[in-house]
Amino acid sequence: MVDLRAIRQELNQELKDILAYWQKYGPDPIAGYYGQVNYQNVPKTDAAKGIVLNSRIMWTFAAAARHMQHDEYLPYAERAYNYIEKYFRDKEHGGVYWAVDYKGEPLQTFKQQYGQAFAIYGLSEYYRATKHQSALDFAKDIYGRMIKHAYDPKRGGFYESMTRDWSGMADDYVISKKDNHESKTMNTHLHILEAFTNLYRAWPDKGLNQHIHGLIGNFEKYIVDPKTYRMNLFMDDDWKVRKTAISYGHDIEASWLLVESAEALHDEALIKRIKALSVKMARAAATGLEADGGMNYEYDPKENHVNRERSWWVMAEAMVGFMNAYQLTKEQQFLDKSLKNWEFIKTYMLDKKNGEWYSGIDENHKILGNTKISMWKCPYHNGRACIEMVDRLG
C-alpha cells in the first residue's frame, strides 16, 4: 500500500528546496536574476536575460506565497516584477522584449507571443498574491495588444511573432521557422491559453472568456489530432500542419492544462468534453514512458527516431498529467505512472549535492547539460508540479 501522505510531504519539501535554491543562487546582486548559472552554481554574469525566465520566476514565487501562505517568498516575486517593469517593458510600443543583455539593455525586441503570454501569466499570479493593481494593469495592457495585433480574427489563433511595433510579422521566430510558414504553433497556443486562464482568474472579463473558449476550440479543431490524440506542433496561417513529430512532454502537459482552462470557465458541457479528451491524450502520451519511469522527449516518425532524453520539464509535467488522468478515471495505472515519475525524479533528476534538478538525463541515466538556470531552465515546471501534486494528493 502506497503512503500518499508521505509522498505529499516529500513533494512539499521538494517545493521548499527548489525555492530555497532560487533564493540563494538566482538573484543577481546588481539587479533582477542571473541569466545563466551552471551545475556548480557559478553564474555567467554577462549572460543575457530572457522574459520567459523572469516571468516564470515571478509566477513561481507568487504562486508559492499564495499556496504556502508564506510572505517570505513575495520579495522574490517582486524582484522579478520590478526588473520586468523596468527593463523588459517596451515603454514606447507596449508589450515586453524577448531578451535584454546583462545590463538590462534591449537585446531582442520582437514581440514573440510565447514571451508575451508568460509575462501575462506571471503578472496575473503576482497580482493574485499581492493585489498590486499596477501588475494587473500591465497584464491587461499586454493582453489588449495581443488581441489587437497578433490575433487572427478570420481563422482564429495567434500569429507566432510580431515586430517590435506590432506592425507586422517579425523575422525572428523562436519556437518555429518562418521560412517554413510555421506561423501558428502548438507550444505558443498552449501557453497563451495557460496565461489567459490565469488572467481570467484575476479579471473575469467577458471578452477574455470568449478568447479562452476560442483557444480551447483551436486545440479541439486543429491542434489535437482526432485519430491519435497527439498534438500537431507547427501550422501555417490556415492551420495546415507543417510537421508531425510527437512531443510526449507537451502532450501530457496539455492534457491537464486544457482541463484547468475549461474548469475556469464553468462551462459544464465544455468541461465534460475536455475531460474526455484529456484522458485520451494521457493514454497516447503514455507510450513515451520507459520501464524505469522516465518519459522520452520526442519521436520523429519521418526519421523513425526517438529522442530518449528525460528532460526535467517533461518529467515534471508527466507527474501532474498522469495524476490528473487518475483523478478523472480512478484507474490505478495512471496513479502508478505518476508516482513512478516521482521516483525517477528523486533517483536521477535531483542534484543532491548542489541543489535543484539537472536539466536532463539520457537513457542510461547519464547527466546531460550544464545549466541549472538559463533562458529556459527555470523554477516553474518543477515548482508548479510540486504545488499541483501537493494540492491533488491533499
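The following questions and answers cover the pockets, sheets and helix packing of a predicted model.

Residues are numbered from 1 along each chain as its sequence is written. In this predicted model, local features need pLDDT of at least 70 and side-chain atom pairs count only at pLDDT 80 or more, while totals for chains, interfaces and linings use all residues; side-chain values use heavy atoms, with hydrogens and water left out.

Colleague: How much space lies in the largest pocket?
Modeller: A pocket is found on a 1 Å grid over the protein atoms alone, as an open set of points where a 1.4 Å probe fits, with protein on both sides within 12 Å along at least five of seven lines. Grid points are joined across faces, edges and corners, and a volume is the space filled by probe spheres set on the points. For the largest pocket this comes to about 600 Å³.

Colleague: Which residues lie nearest the centre of the largest pocket?
Modeller: Lining residues have an atom within 4 Å of a point. The largest pocket has 27 of them. Nearest its centre lie Ile175, Asn187, His250, Tyr297 and Trp313.

Colleague: Which helix gives the largest share of the lining of the largest pocket?
Modeller: Helices (H or I, at least four residues) and strands (E, at least two) are DSSP runs, numbered from the N terminus. At least two lining residues come from each of α6 (186-202), α8 (248-265) and α10 (312-329). The largest share, three residues, is that of α6.

Colleague: How many charged residues are in the lining of the second largest pocket?
Modeller: The second largest pocket holds about 270 Å³ of space and has 16 lining residues, with Trp59, Arg66, Arg128, Ile387 and Glu388 nearest its centre. By class, Ala, Val, Leu, Ile, Met, Phe, Trp, Tyr, Cys and Pro count as nonpolar, Asp, Glu, Lys and Arg as charged, and the others, Gly among them, as polar. Its lining has six nonpolar and two polar residues, and the charged ones number eight.

Colleague: What is the bridge partner of Lys184 in β8?
Modeller: A further open sheet of three strands has the order β7-β8-β9, with antiparallel pairing. β7 (184-185) and β9 (241-243) each have a single partner strand, so one side of each is left without a neighbour in the sheet. β7 pairs with β8 (residues 234-235) over two bridges, and the partner of Lys184 is Met235.

Colleague: Are α10 and α11 roughly parallel or antiparallel to each other?
Modeller: Axes are lines fitted to C-alpha atoms, for helices over the stretch in contact, and angles run from 0 to 180 degrees between N-to-C directions. The axes of α10 and α11 (residues 332-349) come within 7 Å and cross at roughly 160°. Angles under 35 degrees count as roughly parallel, over 145 as roughly antiparallel, 65 to 115 as roughly perpendicular and the rest as oblique. The two helices are therefore roughly antiparallel.

Colleague: Is the crossing of α6 and α8 left-handed or right-handed?
Modeller: The axes of α6 and α8 are 10 Å apart, at an angle of about 30°, and the helices are therefore roughly parallel to each other. A crossing is left-handed if the near helix is turned anticlockwise from the far one by less than a right angle, and right-handed if clockwise. The crossing of α6 and α8 is left-handed.

Notes:
Two strands pair if DSSP finds at least two bridges between them.
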